[in-house]
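Reader: Please show me the model, and I will ask what its labels rest on.

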Amino acid sequence: MKYQFFLKYTVIFALNMASVSHAEIYVERWQSNAVDVDVVKIEQPQNLRLFLNDAKTNQPLHKFDAVQKKLTSCEKLLFAMNAGMYHSDYSAVGLYIEAFQQKHKLNRIKQSFGNFYLQPNGVLAWNQNKSIIATTDDYAKIKFNADYATQSGPMLVINGKINPQFLEHSDSFKIRNGVGIKDQTLYFVISNTAVSFYQFAQFFQQQLKVQNALYLDGSISSAYIPQLKRADSAFKLGPMIGYIDAQSCKKD
């Protein structure tokens with residue numbers, strides 16, 4: 001009975017949020033006994049960009065408000081989230097492509113310390129026409145022509161199945177964020193309460209029914225979702241993804 005109430009609540013909330021959706025952004029807050037998460041659904045990858053360093057100083061931007069300040073006056077940041085793991089100097093651990101330029105190559109190392117190396121890890125990439133989430137090995141084979149790409153790990157869901165590395169009864173609980181894909185729609189998810197890898201992956205698999213999903217990070221997980229009055233700023237971040245509304249910009 002509780003589960004049925006959860007489904008009903010989610011549908012009503014999604015309908016209510018439709019009036020404040022912008023440029024094909026749809027926001028939902030999912031709450032149940034298992035998870036409490038915010039979900040941002042995006043259908044237009046051409047409006048997504050990655051951000052890391054200031055173009056003039058080459059110093060890390062760190063914060064969502066710094067991303068907004070780097071946009072032109074006619075552009076508006078409608079959503080942002082941390083988007084991949086980084087070193088102590090905030091440089092990307094794995095593949096990082098920003099505006100067609102590869103800043104860091106694909107990381108093929110499979111045995112090292114940290115969640116990034118929990119196998120298989122993977123890549124989120126997109127261009128003007130297509131988005132993909134694939135394991136690192138699969139991405140290396142397909143030669144995708146990416147406008148933007150970020151590598152992270154581990155994969156949460158692989159071809160509809162939860163990563164077998166995850167323990168159903170794990171006692172490792174953290175705030176986490178990730179991204180899934182279903183039929184070219186991207187779902188960015190951040191938990192509001194601590195969850196295990198298995199619980200987080202299960203949400204992507206069972207509730208969102210994605211084909212593939214990629215873990216972006218934990219503990220420092222942050223999001224800017226103005227529709228939910230959310231603007232996290234507690235941590236300095238490395239790679240960040242942003243959804244930009246440029247409808248007010250005049251074309252030549």
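Author: In this predicted model, the largest pocket holds about 510 Å³ of space.

Reader: What makes a set of grid points a pocket and not a cavity?

Author: A cavity is a set of points where a 1.4 Å probe fits but cannot get out, whereas a pocket is an open set. Its lining consists of 23 residues, with Leu52, Asn53, Asp54, Ala55 and Glu98 nearest the centre. Two or more lining residues come from each of β3 (48–51), β5 (96–98) and β6 (101–104).

Reader: How do the residues of that lining divide into nonpolar, polar and charged?

Author: There are 10 nonpolar, six polar and seven charged residues in the lining of the largest pocket.

Reader: Why is the pair Cys74 and Cys249 called a disulfide?

Author: The cut-off is 2.5 Å between the sulfur atoms. The S to S distance of Cys74 and Cys249 is 2.0 Å, so the pair counts as a disulfide. By this rule the count is one.

Reader: What is the handedness of the disulfide, and how do you know?

Author: The torsion about the S-S bond of Cys74 and Cys249 is about 95 degrees, so the disulfide is right-handed.

Reader: Why does Cys74 count as partly exposed?

Author: Buried means under 20% relative accessible area and exposed means over 50%. Cys74 has 25% relative accessibility, so Cys74 counts as partly exposed.

Reader: And Cys249, buried or exposed or in between?

Author: Cys249 has 22% relative accessibility, so Cys249 also counts as partly exposed.

Notes
Residues are numbered from 1 along each chain as its sequence is written. This is a predicted model: local features need pLDDT of at least 70, side-chain atom pairs count only at pLDDT 80 or more; totals for chains, interfaces and linings use all residues. Side-chain values use heavy atoms; hydrogens and water are left out. On a 1 Å grid over the protein atoms alone, a cavity is a set of points where a 1.4 Å probe fits but cannot get out, and a pocket is an open set with protein on both sides within 12 Å along at least five of seven lines; lining residues have an atom within 4 Å of a point. Grid points are joined across faces, edges and corners, and a volume is the space filled by probe spheres set on the points. Helices (H or I, at least four residues) and strands (E, at least two) are DSSP runs, numbered from the N terminus. Ala, Val, Leu, Ile, Met, Phe, Trp, Tyr, Cys and Pro count as nonpolar, Asp, Glu, Lys and Arg as charged, and the others, Gly among them, as polar. Buried means under 20% relative accessible area, exposed over 50%, partly exposed in between (1.4 Å probe, protein chains only).
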